[in-house]
Amino acid sequence: MEKFRIQGGRRLHGEVGVSGSKNAALPCLAATLLASAPVILRGLPRVRDIVTMERVLETLGESCAHSEGATTVVAGSGDAYHAPYELVRTMRASVLVLGPLLARRRRARVALPGGCAIGARPIDFHLQALAQLGADLRVESGDVVAEASGGLRGGEVSFPRITVTGTENLLMAATLARGRTVLHNCAREPEVEDLANLLLAMGARITGVGTDTLEVEGTEELSGADHLVIPDRIEAGTYVIAAVLAGDGVRVSGCRPDHLSALLAALREAGCAFSTDADAVVVPAQRGPLRAVSITTTEHPGFATDLQAQFLALMTQAHGASSVTEAIFENRFQHVLELKRLGAAVEVEGSTAHVHGPAALDGTTVMASDLRASAALVLAGLVARGETLVDRIYHLDRGYEAMEVKLNALGATVERFNPGRYL
Ligand code: EPZ
């Protein structure tokens, strides 16, 4: 099982480029199931979750061809409709094929995604809303079995709680439903907006993009399109935090600073003197002590839950007491125990982690548990004394393209190695 070996204390400087957004690429790939002609997607990140989604699409009869940074997805002639457990269990975002399959092939069989390290993560809101568009759904031996023999029909849906992939599933389903659909209490994450822009390019009729109410007039069919996915705001935020933590002047380029406003506001409050231009965040060496800042994760445009672990790692080096409250998921503090092994002073009470800094960190072996927790451990390893080993970095590879390559290009010393089968 691969690990990272990190030599702490190296200062970062130079420029790091941000890859395409994993969480925009996943729904955009699923949306190709709606198209009656090839769809070209550009800027897809080379990460494991994208490979998994392409395998799901190929199981459903589509073909994905790659050339010069573009992926062309061609719909198959078949009417396959089963996304199997062995794929779905490795990536819960596979449930994003449910809406498109129902809309275009009028049936779907998708394994119920299990829970994961950060919570139960049910999909009840997705299923309730699809039923309101006329789908018949049941659970059969761990699979969602769904049919819409007469096709989906438009309807009015209000999500009981904001759900990103729930919004995306329903938006895709509504594009081919008969009549008008109104979706209330929608997620406003940039990745939802990016999906909507792809669907519009495919000929979908959507209004309210970027707001919490989306209106869709169903159409008979959707054409192909050529779409560049947005940059990954979570990867960008991770490198901005790395630059604050261990940087002597780092430019995080090819990103959308406007997608990072909550993080940048918290960093400004902490006394970081960064600057931004259209597609970059420039972080100078930190002058003076970092101030402790408290945050609570909320849906976009609030502080992203996917940056919570990374920000908490930063706060272990800030002067004073800060509280980090996780209000989206019920169990997203897996990284805290590992950070404490490095010497961080953090106590979790319910959904809030209380951090006291600055704490001197000493390198040791730590274990990644989920995608963003593993990023937090790498960040801590950059400033820990001595050597830090991060185990189970396959979590990291799900959502970060070549993280060690990008960090080493900035001056870090991160080695990826596999100690062999028996360790
Ligand atoms: C998306 O997950 C992201 N994944 C997650 O990123 C991100 O953390 C999350 O949104 C929140 O921003 C993708 O976009 C592929 P939700 P999603 O539905 O859609 C509850 C990463 O690191 N809920 O917005 O699954 C749910 O349990 C990943 O890249 C229900 O109860 O999240 C959670 O508490 C991790 N029933 C809350 O709502 C439902 O039917 C928000 O979940 C759906 C959700």
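Predicted model: local features only at pLDDT ≥ 70, side-chain atom pairs only at ≥ 80, totals over all residues.

Colleague: OK, back to Pro301. Is the peptide bond from His300 to Pro301 cis or trans?

Modeller: That bond is cis, with omega near 10°. Gly357 and Pro358 are also joined by a cis peptide bond, with omega about 0°. You'll find Pro358 in the loop between β21 (352-357) and β22.

Colleague: What about Glu68, what's its phi?

Modeller: Glu68 isn't a glycine, yet its phi is positive, about 40°. Look for Glu68 in the loop between β4 (63-67) and β5 (70-74).

Colleague: Switching to helices: at what angle do α8 and α10 pack?

Modeller: Helix α8 (residues 233-246) and helix α10 (residues 308-315) pack at about 5°, and their axes are 10 Å apart. Axes here are lines fitted to C-alpha atoms, for helices over the stretch in contact, and angles run from 0 to 180 degrees between N-to-C directions. So α8 and α10 are roughly parallel to each other (angles under 35 degrees count as roughly parallel, over 145 as roughly antiparallel, 65 to 115 as roughly perpendicular and the rest as oblique).

Colleague: Which residues make the contact?

Modeller: From α8 there are Ile234, Thr238, Ile241, Val244 and Leu245, and from α10 there are Gln310, Phe311 and Leu314. Contact means heavy atoms within 4.5 Å.

Colleague: How does the chain split into domains?

Modeller: The domain assignment gives domain 1 (3-19 + 231-422) and domain 2 (22-228); such bounds come from an automatic or database assignment. Their C-alpha centres lie 31 Å apart. The contact takes 25 residues from domain 1 and 20 residues from domain 2.

Colleague: How many salt bridges cross that interface?

Modeller: The rule finds three between domain 1 and domain 2, while the structure holds 25 salt bridges. A salt bridge is a side-chain nitrogen of Lys or Arg within 4 Å of a carboxyl oxygen of Asp or Glu.

Colleague: Can you show me a couple?

Modeller: Asp49 and Arg398 meet through their side chains in one, at 2.8 Å, N to O. Glu387 forms another with Arg5, with the closest N and O atoms 3.6 Å apart. That pair links distant parts of the chain: Glu387 is in strand β23 (residues 387-391) and Arg5 in strand β1 (residues 3-7), 382 residues apart.

Colleague: Last one: which residues does Ser369 touch?

Modeller: Leaving out residues up to four places away in sequence, Ser369 touches Ala117, Gln334 and His395. Ser369 is in the loop between β22 (365-367) and α12 (371-383).

Definitions and conventions: Residues numbered from 1 in each chain as written. Heavy atoms only, no water. Helix = DSSP H or I, 4+ residues; strand = E, 2+ residues; numbered from the N terminus.
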